[in-house]
Amino acid sequence: MNPALRRYLVDNSTPAPEALVDLAARTAGLGDAAGMMVPTEQAALLTLLVRLTGARRVVDVGTFTGGSALALALGLPGDGQLITCDVTRQWLPLAQEHWAAAGVADRIDFRLGPATRTLADLTSAPPVDLVFIDADKMNYPAYHRLAVPLLRPGGLLVADNVLLDGYVLAPGLAPEPLARRCAQVLRGFNAALAADDRLETMMLPIADGLTIARRVR
C-alpha cells in the first residue's frame, strides 16, 4: 500500500468525522509516538464493525490519544458503553477534548492501569460485544486469554499491528531486540488465534495488519 493508493482509498470512503480528523492532526504533532494512533481508514472500519454487530458494550485496550476509543464510541448507540484503558494519563486531556467534541464522552469510561487488570475485572460483568486490542505487543497472548471469555457468542476480538511492518515473517530481521521479541510474540499470537476453535479468524492487510475474530462458541 503506497501513499498514493492509500490516499485514493481514503478519498473514496465516507469522510472521517471532524473530531477524528482534528485528533489525527493533533496526534501527528507528537513526533514518533504519533504512529500509535489508528489511521483514519482503520478507525472507519472500527466504527462500522460496532454498527454492524449492534454492539452496546465495547472494550478498547490501549487508549493513547483516544482515536480508537472515539471511533468505537461513534458506532455505539446513545446508551452504549465503551471501556478504554491505558497505563498513563499523559494523553487523556487530548482524548477527552475530542470525545467531548464528537458528543460521545458520556459513553466512554477511561480506566487507568494495566490492561490485564482491566480485562480481569470484567470477568464478572455482563458479556462484551467487541474487544479491540492495540497496546503493548508483548502482552497480546495475555489479552487473547483474558478477552475471549468476555465476549458474547458472535462477539468480535479485533487486534491491531498483527503484521508488525512485515517482521512477523522473519522476526530476526527486525532492527532492534525489542522489535524482534515483539515480532516473535505476535507470530505466536497470530497462530494461537487461528488455532482457537472458539473463534473464526480473518487477518486483513489494512494498515499494519488487522485481525478480526468472531466468537463462535
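**The aromatic pairs**

Author: Trp 91 has a relative accessible area of 18%, so Trp 91 is buried. Buried means under 20% relative accessible area; over 50% is exposed, and partly exposed lies in between (1.4 Å probe, protein chains only). Phe 64 is also buried, at 9% relative accessibility.

A word on the source: this is a predicted model, where local features need pLDDT of at least 70, side-chain atom pairs count only at pLDDT 80 or more, and totals for chains, interfaces and linings use all residues. Residues are numbered from 1 along each chain as its sequence is written, and side-chain values use heavy atoms, without hydrogens or water.

Now the rings. The structure holds three aromatic pairs. Rings of Phe, Tyr and Trp (its six-membered ring) pair if their centres lie within 6.5 Å; planes under 30 degrees apart are stacked, over 60 edge-to-face, the rest tilted. Phe 64 and Trp 91 are edge-to-face, with 4.7 Å between centres and 75 degrees between planes. This pair links distant parts of the chain, 27 residues apart. Phe 64 sits in the loop between strand S1 (57–61) and helix H4 (67–75). Trp 91 sits in the loop between strand S2 (81–86) and helix H5 (92–101). Helices (H or I, at least four residues) and strands (E, at least two) are DSSP runs, numbered from the N terminus.

Next, Tyr 140 and Tyr 143. Their planes meet at 50 degrees and their centres are 6.2 Å apart, so this pair is tilted. Both lie in helix H7 (residues 140–147), three residues apart, about one turn of the helix.
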